[in-house]
Amino acid sequence: MIARRLAALALLCLAAGPAGAADAPWRHGLSLLGSPKYPADFTHFDYAAPDAPKRGLLRLGFQGSFDNFNLVVAGVKGDLESQVPLIYDTLMTEAGDEPFTSYGLLAEGVQLAEDHGSVTYRLRPGAKWHDGVPMTPADVVFSFEVLKANSPQYAFYYQNVAKAEALGEREVRFTFSGERNHELPQIIGQLPVLPKHWWEGKDANGRPRNPTETTLEPPLGSGPYRIARFDAGRSVTYERVPDYWGRDIPVNKGRYNFDTVRDEYYRDATVLIEAFKADQFDWRTENIARNWATAYEGFPAVRDGRILKEEFPSRGSGIMQAFTFNLRRQKFADPRVRRALNLAFDFEDMNRTLFYGLYTRIDSYFFGTELASSGLPEGREREILDSVKDKVPARVFTEPYRNPVNGSAEALRANLREAVRLLQAAGFSQKGGQMVDAAGQPLSIEFLGYDNSAERVVLPYRAQLERLGIRVTLRLVDPAQYQNLVRSFEFEALALNSWAESLSPGNEQRDFWGSAAADRPGSRNLAGIKDAGVDALIEKVIFAGDRAELVAATRALDRVLLAHDYVVPQWASGVSRTLRWNRFARPQTLPRYGGSGFPWTWWYDEALAAKTGVAR
């Protein structure tokens with residue numbers, strides 16, 4: 001899948017010279033800020049241990065199911081198995097200790113035209129598929145074309161890539177269209193390369209393979225792992241490829257150290273926790289505060305150190321998590337209604353009673369980063385907003401965004417009174433204890449969720465909404481049905497929904513908030529935002545000329561998104577809370593922007609496993 005999004009800034013590592021692509025220098029890496037940290041002759045990333053042992057089993061637990069190994073149709077058809085990207089290599093890979101920097105993986109070199117009108121990648125001579133067939137530029141061109149033609153996500157993301165063409169035996173060039181988008185060369189570097197000869201061949205039953213359909217035939221890959229066996233919907237076992245072509249190249253040295261990786265699937269969140277306690281899988285990221293505070297206390301394996309609890313800082317991204325309303329439904333069209341829904345949300349009480357005070361209220365679509373807006377716009381941000389003044393709410397120039405503050409009976413009463421006033425101004429009235437529209441139809445909201453955690457957050461919120469006379473229901477469905485309903489926008493409101501943001505946003509903003517994505521099934525514009533001001537600011541983010549302009553444009557976009565009250569922001573933490581069975585070792589240095597770095601720079605420690613117990 002597409003990796004962490006990179007943003008629009010000037011690509012560095014370029015020397016002055018002719019504008020033509022053929023005359024540009026070949027580089028080992030690309031960065032959006034300064035020069036790459038690692039020189040052309042680097043041997044490994046600092047956060048990888050080059051002598052790490054290759055051995056052992058890693059078991060991972062997931063909630064849900066799967067019925068597809070074909071990433072071409074991921075997000076459109078079926079449920080893709082979580083680790084399928086492991087079997088494919090990409091042209092470049094990102095460094096975990098630098099923001100916005102990529103180094104060659106399949107590509108040994110990259111050549112960027114001085115005018116940023118094209119980028120050329122040169123494949124490593126030893127790159128090959130798991131069947132021994134050498135990789136060629138034809139595979140890269142095939143991958144680009146089949147993904148762009150059949151995946152709305154890739155089509156949207158690569159809309160300004162006009163064509164891909166093979167140049168000789170090892171080179172492939174991508175030509176860009178429209179205004180120069182400086183992140184596109186690195187975005188193209190994230191392209192998963194698929195085997196043309198395999199997809200154009202036949203399966204074991206003699207049937208032609210079809211990249212436009214789901215499949216449970218294990219695909220041919222080129223990456224560090226391949227699918228060894230699976231039980232459809234329940235588990236998949238990946239085995240490390242012993243003669244993996246890229247094992248010793250610098251970006252891989254010391255990584256992918258487990259002989260076997262097994263994914264286990266569970267339908268229920270509670271069962272998932274109990275399976276972890278029963279030593280059915282090895283690592284758990286705990287995103288429920290109550291569980292972190294109470295679910296493991298007194299558990300013998302935690303007390304005696306066989307299970308370790310550890311927090312890792314989250315520096316690599318920001319987040320917006322929110323109650324998300326479907327603006328395609330007329331009831332949510334008026335921003336006064338949406339603001340009223342925020343006024344009724346008593347985060348402070350929920351944080352105290354449900355979350356053990358572990359969370360902070362989100363007040364930005366780029367929460368936790370320097371990209372978050374605050375105060376009133378100044379300097380370059382103000383200039384950007386002035387340029388779209390006729391398209392954005394006037395209050396972005398005069399009123400800083402603030403979430404309502406509840407937490408006490410007095411504050412909640414005052415905010416509910418204001419919510420009633422806003423609802424009345426939007427054409428609703430209270431009759432018989434119900435909030436009704438001008439036609440006498442009750443205002444109601446159905447929240448959609450896929451596990452019991454949704455119930456814990458919706459029910460307290462419902463209590464306050466019902467005080468306003470709003471009917472609230474919660475619909476829980478299985479993860480597969482949830483994905484299908486969300487993909488087709490068949491919901492009124494989502495109980496728990498989030499957008500992760502990179503430190504350098506770019507093209508993905510069109511998919512998150514852009515009008516063109518609002519009615520495209522499978523897009524991430526789940527709220528259905530269609531706004532000319534938002535669209536204009538997205539383009540200013542994408543085509544920012546330098547880092548300062550990018551930060552200013554992103555803050556301006558953030559400010560306008562907040563001003564429309566599209567969502568009711570929820571909560572976040574600056575750390576990732578994890579538990580693991582104590583069988584694994586790690587490098588002394590962790591990737592600054594990669595959290596724990598688990599699992600791909602860690603390894604199986606036989607001495608620890610002997611004390612903890614061998615995985616069952």
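This report covers a hairpin, a pocket and some aromatic contacts. The model is predicted.

Strand S8 covers residues 161–167, and strand S9 covers residues 171–176. They pair in the antiparallel sense over six bridges. Glu165 has Arg173 in S9 as its bridge partner. Three residues lie between the two strands of this hairpin. Gly168 takes a positive phi there, near 75 degrees.

**The pocket.** The second largest pocket has a volume of about 300 Å³. Its lining has 14 residues. Nearest the centre lie Arg339, Arg395, Glu399, Ala563 and Asp565. Helix H8 (335–343) and helix H16 (547–563) each supply at least two lining residues. What classes make up the lining of the second largest pocket? There are seven nonpolar, no polar and seven charged residues.

**The rings.** A pair of aromatic rings is described by the distance of the centres and the angle of the planes. The whole structure holds 48 aromatic pairs. Two of them are tabulated here.

| Pair | Centre to centre | Angle between planes | Type |
|---|---|---|---|
| Phe66 and Tyr265 | 5.1 Å | 50 degrees | tilted |
| Phe323 and Phe345 | 5.3 Å | 85 degrees | edge-to-face |

Phe66 lies in the loop between strands S3 and S4, and Tyr265 in strand S12, so their pair ties together parts 199 residues apart in sequence. Both Phe66 and Tyr265 are buried.

Phe323 sits in strand S15, and Phe345 in the loop between H8 and helix H9. They are 22 residues apart. Phe323 is buried at 0% relative accessibility. Phe345 is also buried, at 0%. Ring pairs link both into a cluster that includes Tyr359 and Trp571.

**Charges over rings.** The charged end of Arg577 sits over the ring of Tyr359, 5.6 Å from its centre. The charged end of Arg122 sits over the ring of Trp26, 3.9 Å from its centre.

Methods:
Residues numbered from 1 in each chain as written. Predicted model: local features only at pLDDT ≥ 70, side-chain atom pairs only at ≥ 80, totals over all residues. Heavy atoms only, no water. Pairing = 2+ DSSP bridges. Helix = DSSP H or I, 4+ residues; strand = E, 2+ residues; numbered from the N terminus. 1 Å grid on protein atoms, 1.4 Å probe; cavity = no way out; pocket = protein on both sides within 12 Å on 5 of 7 lines; lining within 4 Å. Points joined across faces, edges and corners; volume = space filled by probe spheres on them. Nonpolar A, V, L, I, M, F, W, Y, C, P; charged D, E, K, R; others polar. Phe/Tyr/Trp six-rings, centres within 6.5 Å; stacked < 30°, edge-to-face > 60°. Buried < 20%, exposed > 50% of the residue type's maximum accessible area, 1.4 Å probe, protein only. Lys NZ or Arg CZ within 6 Å of the ring centre and 35° of its normal.
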